[in-house]
Each structure stands twice: as structure tokens, then as C-alpha cells.
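What follows is a guided reading of a single model, taken one neighbourhood at a time. Please keep the coordinates open alongside the text.

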Amino acid sequence: MDEITLEAFGKINLSLDVLHKRADGYHELNTIMQQIDLKDTITLKELEEGIKIECNEKEVPLDSTNLVYKAWEKMKEKTGINRGIHIIIDKKIPIASGLAGGSANGAAVLKGLNILWNLNLSDEDLRDIGLEIGADVPFCIMGGTAHAKGIGEKLTKLKPFSNKMVLLANVGIPISTAYVYENLNLRAINNRIDIDKIVHYIEEDNLTKLAENMANVMESVVIKEHSIIDEIKKDMIKYGALGSIMSGSGPTVFGLFDDEDKLYRCKNELEKKICKVFVAKTI
């Protein structure tokens with residue numbers, strides 16, 4: 001085999017709490033990550049040497065700053081194999097959107113090289129390598145539904161919360177994750193998110209209660225700068241979402257629905273304000 005194509009699925013945070021800044025400069029998280037079927041497609045073709053990256057989205061970097069490049073470099077370093085690769089990214093997940101598109105792409109390259117190079121690495125091995133590339137990469141390798149702690153690498157797989165209707169609205173504002181962390185006032189957070197309650201509702205498959213209790217502490221920074229995030233959340237609820245929050249560090253807002261007609265009505269209304277509105281389902 002000298003070519004392989006893989007799906008790289010995005011993710012949302014069903015809730016996200018930031019507990020404290022660690023001694024190593026990273027922040028300690030407590031979050032529920034959920035894979036969704038909005039995806040990029042990654043094709044890998046073997047080359048004799050070097051790397052070539054192509055993408056249908058012109059804003060995607062094609063150099064060493066891209067996580068697919070880092071994934072290839074890291075796999076060479078870990079295995080001692082020095083083969084080239086041609087990576088073709090068919091991008092559908094918005095860039096810098098809080099949906100882990102770049103991490104999903106990096107994870108897909110790790111999985112693909114594991115197959116192309118006949119490495120027989122376990123998922124745990126791939127997650128360990130992925131963590132050296134980005135905090136969300138281990139989850140993108142695991143997939144499904146997971147409770148994540150640490151910087152996102154301490155993963156506990158949860159009962160699947162699949163086939164739930166999700167509406168995603170991306171306002172196209174580039175949000176720097178580093179900026180959000182730097183401006184997050186942790187001392188001002190009095191009421192911590194009850195992540196255990198969210199886990200309980202997942203185990204019960206209780207969409208309504210889960211949606212009503214979702215929260216994301218990063219919203220406090222982003223909404224202060226971009227009030228449209230709060231407007232979209234309110235519109236989601238107005239047009240039938242059971243609950244709506246921002247995913248990750250934003251700027252994508254998502255709503256969970258139990259009624260397809262309401263979801264598409266909401267989509268139609270939001271498209272009057274913004275151009276990037278997507279229908280998805282949880283995996």
C-alpha cells in the first residue's frame with residue numbers, strides 16, 4: 001500500500017472548565033470532549049523523501065507550522081523511518097474555530113503513517129506521540145465521547161453520546177487560544193462547572209438535561225471582545241436549541257437539538273447573519 005485516505009472528525013466541548021495555571025505554564029482543564037461528523041479528509045501518498053502538503057483552503061499553512069507536518073516529523077523521530085509523504089487535505093472544518101480541525105488532521109496523519117509504514121503501534125502509543133504535537137490530538141485519536149483532564153491528555157472514554165443533532169455557527173473571527181488563556185480571570189470564577197453532572201447525563205442519555213447544564217468558562221473572555229457570540233447563543237435558544245455554548249476557545253457556537261425542523265429553522269435564521277453554519281451529528 002502506498003496511498004491511504006482517512007476521515008478527520010472535528011470535536012465540540014460539551015462543557016469546559018479551566019481550573020488553574022500549572023507550573024509548566026499550561027492550564028489544567030476539566031472538560032467533556034465529543035466527536036462530531038463534520039470532517040476533513042486526509043489523503044497520504046508515499047514519496048521517496050521530503051514532504052508535500054496540499055489543501056483546498058488557502059489559509060491553511062503548508063509548512064512546518066501545520067500539525068500534519070509535525071505529525072510526520074514526530075513519527076520519523078520516534079520510529080527512525082525516514083520516508084517522504086504527500087499530504088492532501090480536503091478541509092471542511094473551519095480554521096481556528098475551536099473544533100480541533102488541525103488536531104484531527106494531525107491525528108489522521110499519525111494513524112495513516114502507522115498503516116502505511118506497517119508500524120503496528122497501538123492507539124495508546126499514537127496518543128502518546130500525538131500529545132507531543134498538540135493537546136487535542138490524543139482525543140482525536142481516541143474519538144467518541146471522553147472526559148478529559150490535565151491539558152486534555154488524561155482521557156476517560158465515556159458511554160457514546162452519538163447521533164445527537166448539532167448546529168454549528170462560526171462567525172469567522174480568528175480567536176487566539178493563547179489570548180483567551182492569558183485574559184481568563186480564574187479568580188473571578190465562583191461557580192465551578194459540575195462536570196460530573198454532565199457525565200451522569202451522558203450515562204443516562206439525557207440530552208435535555210445535558211444541554212441545559214452545558215457551560216464554557218472561556219466564553220467570559222471571548223464574549224467581552226465579540227458580543228456576537230452571545231447573540232448567536234441567544235438565537236440558538238430562541239429558535240429551539242435545548243442548550244447552546246461556545247466550543248473550546250471559540251469562536252464557534254453550537255446548539256443541541258431534539259427537533260430537526262427547529263434545527264433547520266434556526267440554521268436559516270442564523271445564515272441571515274453569518275455564512276458558516278453547519279449541521280452535524282455527534283459520533
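A residue is called buried when its relative accessible area is under 20%, exposed when that area is over 50%, and partly exposed in between. The model discussed here is a predicted one, and the burial labels below are to be read with these cut-offs in mind.

By that criterion Tyr 69 is buried, because its relative accessible area is 19%, under the 20% limit. Trp 72 is likewise assigned to the buried class, with a relative accessibility of 5%. Both residues belong to helix α1, which covers residues 67-79, and because they are three residues apart within that helix, about one helical turn separates them.

The search for aromatic pairs, carried out over the whole structure, returns one. That pair is formed by Tyr 69 and Trp 72, whose ring centres are 5.7 Å apart and whose planes meet at 80°, so the arrangement is classed as edge-to-face; the angle qualifies because planes over 60 degrees apart fall into that class. The ring of Trp 72 also has a charged group over it, since the charged end of Lys 76 sits there at 3.8 Å from the ring centre. A further arrangement of this kind involves Phe 161, over whose ring the charged end of Lys 164 is placed, 4.5 Å from the centre.

Attention can now turn to a strand. Asp 90 is found in strand β4, which comprises residues 84-90, and with a relative accessible area of 31% this residue is partly exposed. Once neighbours within four places in sequence are set aside, Asp 90 has contacts with Asp 40, Thr 41 and Asn 56. With Asn 56 there is a polar contact between the two side chains, at 3.3 Å, and the side chain of Asp 90 is also joined to that of Lys 92 by a polar contact of 3.0 Å. Ala 8 lies 82 residues away from Asp 90 along the chain, yet the C-alpha atoms of these two residues are separated by 9.8 Å.

Terms used. Residues numbered from 1 in each chain as written. Predicted model: local features only at pLDDT ≥ 70, side-chain atom pairs only at ≥ 80, totals over all residues. Heavy atoms only, no water. Helix = DSSP H or I, 4+ residues; strand = E, 2+ residues; numbered from the N terminus. Buried < 20%, exposed > 50% of the residue type's maximum accessible area, 1.4 Å probe, protein only. Contact = heavy atoms within 4.5 Å. Polar contact = N/O pair within 3.5 Å; in protein donor to acceptor, adjacent residues only side chain to side chain. Phe/Tyr/Trp six-rings, centres within 6.5 Å; stacked < 30°, edge-to-face > 60°. Lys NZ or Arg CZ within 6 Å of the ring centre and 35° of its normal.
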